[in-house]
Amino acid sequence: MSVKIVTDSTVDLLPETIKELGITIVPVYVMSGNKTYRDGLDITQTEIYNRMLTGEQFTTSQPTPADFASVYKNLSKETDQIVSLIMSAKLSGTYNSAVQGRELAKSSSNIELIDTKATSGALGLLATQAAELAKMGESAGNIIDTVRNNIPHVHIWALLDTVKYVLRSGRLSSASNLISGVLSIRPMITLREGSLWPASIHRTRNKGLEKLAELVKTNRNVEAVQIVQSVDLAEAQTLKEKLADFIDQSKIHVSQLGPALGVHGGPGTLVVAIKEKLGNIGTTTDETEDRKSFKLPSIHLPKLGFSSLH
């Protein structure tokens, strides 16, 4: 029996990719008022971003242990080996829910959980690799080892169009007075050891886009790139074409940011993730060396400490 791959809905892969690779998704919950939606099932990306632009506010919540248990039980009818790749435990309680779900499932299958220290496009790159190996008939042990070896070599940056939605989450009260008058800045954030860190801020979106391209270009050993845009897929395609000047276009994939993360970054959020080839690891610009870690909302979010404005 082949190994089955499970991940959560922050993976931000295209539905056709998920189907083709046979990945099982456990959805994060998105809430507005007294209504709760399952990410990717009960509400579309387009609908949620349109509603956010009218002023509607959303929050998120992790999947329940029962959600994971149900998935593990069902897959155990098809396989005795399940590998579950979960978004960073430092960003959400989703990993803990998966651990509890494994216990609830009481499955005879071997269920291996991996805290990927990633989310969005970075998680997508790892899940894609795992699923491709599973389709090739690789053992669970080889898949697990490959994913764990690749985790330190996956990098991600997110350019926000505004800080408004992050501020609205209520997790930035300590920084609100400092930035309440500069809502037009374009902050860029990154993940480091599974935690959100500030990377840079930019006066214009074009400057931010230039920085994203530069961050990818400076890495000489890129194996794959995932570009994830919330609303403007044409912008993502333009960035793909720009990156194709120095990276094989077949290595660059574009998808749409799901609401589980999009409600925190807001419409206009653009994510770029890269996976390096193992071996001669490239040089990736790290602007967070002397910065303090921070957290973005309910999938825990920030205290700002950005580098100088560009």
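Colleague: In which helix do Phe68 and Tyr72 lie, and how many residues apart?

Modeller: Both are in helix α3 (residues 65–75), four residues apart, about one turn of the helix. Helices (H or I, at least four residues) and strands (E, at least two) are DSSP runs, numbered from the N terminus. This is a predicted model: local features need pLDDT of at least 70, side-chain atom pairs count only at pLDDT 80 or more, and totals for chains, interfaces and linings use all residues. Residues are numbered from 1 along each chain as its sequence is written, and side-chain values use heavy atoms, with hydrogens and water left out.

Colleague: How many aromatic pairs does a search of the whole structure find?

Modeller: Rings of Phe, Tyr and Trp (its six-membered ring) pair if their centres lie within 6.5 Å; planes under 30 degrees apart count as stacked, over 60 as edge-to-face and the rest as tilted. The search of the whole structure gives one pair. Phe68 and Tyr72 form this tilted pair, with 6.0 Å centre to centre and 35° between the planes.

Colleague: Are Phe68 and Tyr72 buried or exposed?

Modeller: Buried means under 20% relative accessible area, exposed over 50%, partly exposed in between (1.4 Å probe, protein chains only). Both Phe68 and Tyr72 are buried.

Colleague: In what order do the four strands form the open sheet?

Modeller: Strands of a sheet pair through backbone hydrogen bonds, either parallel or antiparallel. Two strands count as paired if DSSP finds at least two bridges between them. Here the order is β2-β1-β6-β7, with parallel pairing. The edge strands, β2 (23–26) and β7 (110–115), each pair on one side only. Strand β1 (residues 4–8) is joined to β2 by four bridges, and Thr7 stands opposite Ile25 in β2.
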